[in-house]
Amino acid sequence: MRLPGRAGPVDWLIVGLGNPGSEYAGTRHNIGFEVADALARRWGLPKPKSKYRGLLSQGRSGPGGPRVAILKPQTYMNDAGQSVGPARGALKVGLDHVLVLHDEIDLPFGEIRVKTRGGVAGHNGLKSLRQGLGSPDFTRVRIGVGRPPTTDPDRVAAYVLRRFREPSQEVEALVERAAEAAEDLLREDIGPT
């Protein structure tokens, strides 16, 4: 539910998690960036600007839709909270209107779940957001990228930093379904914009 009388420049802060740099493009860990880019294209948002240690684009989520800011932190995943915390404060967005798009190894490839609040399940990007936002009570679109057949932390890290082995059309379909999940969440939000 929207906070009454909120005067911030946006209604929602949407955060795509990933790592900056071409060497990380197309990796499992960067699927949050890909979904953020898909949303920006769908909504016709302007080219992002460097702000809050990230790339930020603002506009509306379609005609008459809520005002949104899409942020892709450029701090690397493990320090994303250093970008998101200041952006949230400057944009005056309630914690209940922060939406994070991220990879999830605890879901099979292709599965998407929306979750509000909760633990961070060892995800270093979410740990940093919890610290930067002062709470884990933000909403997430969890994008299933599958889990390697190991619990060894180094091998799990190597897995999420590798490019997808699934066919590109399946990865593209996953990105589009995750973008749809984010749009559905914004549509459910009630109140004036």
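Reply: Start with Y76, in the loop between β4 and α2. The model is predicted. Phi of Y76 is near 80 degrees, a positive value, and Y76 is not a glycine. At 41% relative accessibility, Y76 is partly exposed.

The ring of Y76 has a partner. Y24 and Y76 form an edge-to-face aromatic pair, with 6.1 Å centre to centre and 80 degrees between the planes. Y24 sits in the loop between β1 (12–16) and α1 (31–43), and Y76 in the loop between β4 (67–73) and α2 (81–91), so the pair ties together parts 52 residues apart in sequence.

How many aromatic pairs does a search of the whole structure find? Two. F109 is partly exposed, at 23% relative accessibility. F164 is buried, at 13%.

Positive phi turns up at K92 too, at about 55 degrees, and K92 is not a glycine. K92 lies in the loop between α2 and β5. At 51% relative accessibility, K92 counts as exposed, because the cut-off is over 50%.

The charged end of K72 sits over the ring of F33, 5.1 Å from its centre. R140 lies over the face of F138, 4.4 Å from the ring centre.

Now the interior. In soluble globular proteins, nonpolar side chains tend to be buried together. Here the largest nonpolar core has 31 residues. Those with the most contacts inside this core are I14, V35, L39, L99 and L101. The elements giving two or more residues to this core are β1, α1, β4, β5, β7 (139–144), α4 and α5. α5 gives the most, with nine residues.

Leaving aside neighbours within four places in sequence, L99 is in contact with W12, L13, I14, V15, T139, R140, V141, A182, L185 and L186. F138 is the ring under R140, and R140 and V15 are among the contacts of L99.

Key
Residues are numbered from 1 along each chain as its sequence is written. This is a predicted model: local features need pLDDT of at least 70, side-chain atom pairs count only at pLDDT 80 or more; totals for chains, interfaces and linings use all residues. Side-chain values use heavy atoms; hydrogens and water are left out. Rings of Phe, Tyr and Trp (its six-membered ring) pair if their centres lie within 6.5 Å; planes under 30 degrees apart count as stacked, over 60 as edge-to-face and the rest as tilted. Helices (H or I, at least four residues) and strands (E, at least two) are DSSP runs, numbered from the N terminus. Buried means under 20% relative accessible area, exposed over 50%, partly exposed in between (1.4 Å probe, protein chains only). A charge sits over a ring if NZ of Lys or CZ of Arg is within 6 Å of the ring centre and within 35 degrees of the ring normal. A nonpolar core is a set of buried Ala, Val, Leu, Ile, Met, Phe, Trp, Tyr and Cys residues joined through side-chain atoms within 4.5 Å. Contact means heavy atoms within 4.5 Å.
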